[in-house]
Amino acid sequence: MSEAPLLEADRLVRHFRTPQGRVQAVDGVSLTIGRGEAVALVGESGSGKSTLARMLVCLDRPTGGTLRFGEHDLTRGRGPGLRAVRRRVSMVFQDPYASLDGHLSIGRSVEEPMLIHRIGTADERAAKVAELLDAVGLDPEMADRRPAALSGGQRQRVAIARAIALDPELVVLDEPVSALDVSVQAQVLNLLADLRERYGLAYLFVSHDLGVVRHVAERTAVMQLGRIVEQGPTEQLFAQPRHPYTIALLSSAMEIGADERRIALEGEPPSPLRPPSGCRFRTRCFRADAICAEADPALEEEGGRGVACHHPGPLAARELAGRT
Amino acid sequence: MSEPLLHVDGLRLEIATPRGTVVPSDDVSFAIAPGEVVGLVGESGSGKTMTALATIGMNPAACVRAAGRIVFDGRDVATAGEAELRRLRGGRIGYVAQDATTALNPVLRVGTQIVETLRAHLELDRATARERAVALLRAVGIPEPEARLKAYPHELSGGMRQRVAIAIAISCEPRLVIADEPTTALDVTVQAQVVDALVHSARERGAAVLLISHDLGLISAVTDRTLVMYAGRLIEQGATARVVRAPRHPYTAALLTATPRIRGEKAARLPAIPGRPPDLAAVPAGCRFAPRCAFARERCRAEEPRLDGDAPACWFPRPAPVAGGAPTPAPAPSAATAREEAGRV
């Protein structure tokens, strides 16, 4: 990536004040997305991945750090740059049943972003709606139907058509296929790949499903309790994870033909209200020792890969011994 | 197989809707042996949940059993009265729902809920029941079980709540535990632990398990035998290792290849199954999978094939594996465009 990245988040922070105390949902995350690049964010619930995604599309404002999109500074989440950026970034949500307005025809839902940004005449917009529905594999004749008449997979296609209506450069997809059945999920993943190639889209793909992430993303960042603990090219990261959390995550995926000796994590994910001292993963880590409780490991980058751990490295045979 | 614990024979369920009669379970037959761990896999709308609920007489009132026999432990469930069914459920049959948040009573402590179940089904005094409750929580991998008895459900994480639900399901030494998508709501790292706790604790008590899931990966990790359901029919069944290594029905094979994997070869394009499952009020003539099947021929659209033992419900099944032979690789269906996959309607 010689040119400037499309999106650049630098030490982004988002704290929430709750009656129980301050939650550090996102705590110093740096992430770049290049033009046309597909980046995945994986992590368990509570890892902060959705909060991060929402900040990147200006649905939420960071409490610290900086966020740039192209030449625009979005850190404040307002100003003249925001409206321009909102045309260039869009989002697809997890639940296609909740993200579409049930009162609007699907054609109208797809047209709406163009109406809001006052783009084209009524005829031009109608033509564009037909083109978009066709692009996502729906019959343009369906434009008059309401979401209730559609299946989950079809609804998600409508949500995707709407997300690309303004020819964005970046689409943030938050668990876009996790509500879909396997057979339909594969169709939508193929569609996303086709659209990316056709329109030169960049994706930020948020998911807990590692198989899906491996399929769609060139680069993957693993989040745990508000931090990125490991990141790198997807194939390398999956083939040779170095952070114990990534190792455990990959090992606990129940997949056909998988090694039955899983690295089971001890205990529960700690509460984001009271993260452990030092490394935030240490309470569940099979490599934790004294230093992990004292010092918070920084994300050390080397050769396009980064890992935040005092004891990084591939899984040793002795670590697997005696596990079931 | 010895005398089966559960025998479902020719089960047909019907739901009257404005669109017509929906048949979530159409001539479904299967048996579960004592102590056997069986997986029932299918996509949403395949009828798997209704079928499982009907086996314990818990199908909703609108879902009527139109035909078929269900025999559990020698007793006919279909003709059993409500009182007898209530003794069965919770006593001889434990049930774990998808979402423990709704299954547990939010205003009662976890311990109270387990102790009550124990006392309702087994005549135990309070102290003995409490001791049992502690042992049960320990059996499903809950740390500090004595302290956890005093917790309310909301004070526990999702994984811990689901473990409590499992503890209740196995509390009265059931002979069968039915679990419907017990880990779908949980994080990946917790899923494996919870499903292991479920199967392990049931096996230790000699209970059989019917595990319902859309996830063949999960089913393959813990079950002995797998049943595959599509559009209200059982279409394939067999030893789990065989079903996932050498599926014989094109639907099972397609499900396996459509799942993106974290290991092995990465396909540039996922072999997706075109279209979507049929509306259960209007299933197609012939084989119900034929409209989506890459291998369908004329006969498939005219006559419906039926499951027969390990022979799948398919006129042109993939070959049975030769003993000790290499697994048969799935043939690659021709590449489809996004539009073809959407099965435009």
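**Entry 1: where the chains meet.** I looked up the contact between the two chains: 37 residues of chain B are in contact with 37 residues of chain A, contact being C-beta atoms, placed from the backbone, within 7 Å. On the side of chain B that touches chain A, the elements giving two or more residues are α8 (188–204), α9 (216–222), α11 (250–258) and α13 (338–342) of chain B. By class, this side has 17 nonpolar, 10 polar and 10 charged residues. Here Ala, Val, Leu, Ile, Met, Phe, Trp, Tyr, Cys and Pro count as nonpolar, Asp, Glu, Lys and Arg as charged, and the others, Gly among them, as polar.

I noted that this is a predicted model, in which local features need pLDDT of at least 70 and side-chain atom pairs count only at pLDDT 80 or more, while totals for chains, interfaces and linings use all residues. Residues are numbered from 1 along each chain as its sequence is written, and chains are lettered from A and ligands numbered from 1 in the order in which they are written.

**Entry 2: a sheet in chain A.** I found an open sheet of 4 strands in the order β2-β1-β4-β5 (chain A), with antiparallel pairing. β2 (21–33) and β5 (72–73) of chain A are at the edges with a single partner strand each, so one side of each has no neighbour in the sheet. Strands are DSSP runs of E, at least two residues, and helices are runs of H or I, at least four, numbered from the N terminus; two strands pair if DSSP finds at least two bridges between them. I counted 5 bridges between β1 (residues 7–18) and β4 (residues 64–69) of chain A. Val13(A) has Gly64(A) in β4(A) as its bridge partner.

**Entry 3: a hairpin in chain B.** I saw that β9(B) and β10(B) form a hairpin with 2 residues between them. The two strands run antiparallel and are joined by 6 bridges. Tyr230(B) stands opposite Arg233(B) in β10(B). In the turn, Ala231(B) has a positive phi of about 50°. Of the 7 residues of β10(B), 6 are buried. Buried means 20 or more other C-beta atoms within 10 Å of the residue's own, exposed means 12 or fewer, and partly exposed lies in between.

**Entry 4: helix α4 of chain A.** I listed the buried residues of α4 (residues 106–116): Ile106(A), Gly107(A), Ser109(A), Val110(A) and Glu111(A). They pack against α5 (122–135) and α6 (152–163) of chain A. After α4(A) comes Arg118(A), with a positive phi near 50°.
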